[in-house]
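Q: I would like to go through this structure by asking, for each label, what value and what cut-off stand behind it. Please set each value against its definition before drawing the conclusion.

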Amino acid sequence: MQTNNQKIVDYDAVLDAKFGKEGTPSRIEAEEKAFAFYTGQIIRQARKEAKMTQPELAVKLGSSKSYISRVETGKTDPKTSTFYRIASALGLTVELTPVV
């Protein structure tokens, strides 16, 4: 009989060790960067599904291809109003629902 020797990982402890305890400035900064990256990936995927290039999206928004690239890679976190404009340009809607 073969046993499985997998270790259980405490991911909270891993995050605490790497970025600091929850609520600390370093942890908040890391979370903000993670959200910016995640937002960029959502935009990138939606743009590709819309079969649109970065330059085409930039023209629709009146911005530059480099701005779209920075948003998609998480280097720039768009303002909320810009996020809504991007979503609209990609034919998407944004729905906010309360947490229950």
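A: A residue counts as buried when its relative accessible area is under 20%, as exposed when that area is over 50%, and as partly exposed in between. The model is a predicted one, and the values discussed here are computed from it.

Q: Why is Gln54 called buried?
A: Gln54, which lies in helix 3, has a relative accessible area of 13%. The cut-off for buried is under 20%, and Gln54 is therefore classed as buried.

Q: What makes the side chain of Gln54 a partner in polar contacts, and with which side chains?
A: A polar contact needs a pair of N or O atoms within 3.5 Å. The side chain of Gln54 meets the side chain of Lys65 at 3.0 Å and the side chain of Glu72 at 2.7 Å, so each pair falls within the 3.5 Å that the definition sets. With neighbours within four places in sequence left aside, Gln54 is in contact with Arg47, Lys65, Ile68, Ser69 and Glu72.

Q: Is Arg47 buried or exposed, and how do you know?
A: Arg47 lies in helix 2 and has a relative accessibility of 8%. With the limit for buried set at under 20%, Arg47 therefore counts as buried.

Q: What does the side chain of Arg47 reach?
A: The side chain of Arg47 reaches the backbone oxygen of Met52 at 2.9 Å, and it makes a polar contact with the side chain of Glu72 at 2.5 Å. Apart from neighbours within four places in sequence, Arg47 is in contact with Met52, Thr53, Gln54, Leu57, Glu72 and Leu90.

Q: What is noted about the phi of Lys51, and why is Lys51 called exposed?
A: Lys51 is not a glycine, yet it has a positive phi of about 55°. Most residues other than glycine have a negative phi. Lys51 is placed in the loop between helix 2 (25-49) and helix 3, and its relative accessible area is 73%. Exposed means over 50%, so Lys51 is classed as exposed.

Q: What makes Asp10 a cap of helix 1?
A: A side-chain oxygen of Asp10 lies 3.1 Å from the backbone nitrogen of Asp12, and in this way Asp10 caps the N-terminal end of helix 1 (residues 11-19). Just after helix 1, Gly20 takes a positive phi of about 100°.

Q: Why is the pair of Phe83 and Tyr84 called edge-to-face?
A: Rings pair if their centres lie within 6.5 Å, and planes over 60 degrees apart count as edge-to-face. The rings of Phe83 and Tyr84 have centres 6.3 Å apart and planes at 80°, so the pair is edge-to-face. The count by this rule comes to 1 aromatic pair. Phe83 has a relative accessibility of 24% and so counts as partly exposed, and Tyr84, at 35%, is likewise partly exposed.

Q: How do you know whether Tyr67 is buried or exposed?
A: Tyr67, found in helix 4, has a relative accessible area of 17%. Beyond its neighbours within four places in sequence, Tyr67 is in contact with Thr76, Pro78 and Thr82.

Q: Why is Asp77 called partly exposed?
A: Asp77, in the loop between helix 4 and helix 5, has a relative accessible area of 49%. Exposed would require over 50% and buried under 20%, so Asp77 counts as partly exposed.

How values were computed. Residues are numbered from 1 along each chain as its sequence is written. This is a predicted model: local features need pLDDT of at least 70, side-chain atom pairs count only at pLDDT 80 or more; totals for chains, interfaces and linings use all residues. Side-chain values use heavy atoms; hydrogens and water are left out. Rings of Phe, Tyr and Trp (its six-membered ring) pair if their centres lie within 6.5 Å; planes under 30 degrees apart count as stacked, over 60 as edge-to-face and the rest as tilted. Buried means under 20% relative accessible area, exposed over 50%, partly exposed in between (1.4 Å probe, protein chains only). A polar contact is a pair of N or O atoms within 3.5 Å; within protein, one must be able to donate a hydrogen and the other to accept it, and residues adjacent in sequence count only if both atoms are side-chain atoms. Helices (H or I, at least four residues) and strands (E, at least two) are DSSP runs, numbered from the N terminus. Contact means heavy atoms within 4.5 Å.
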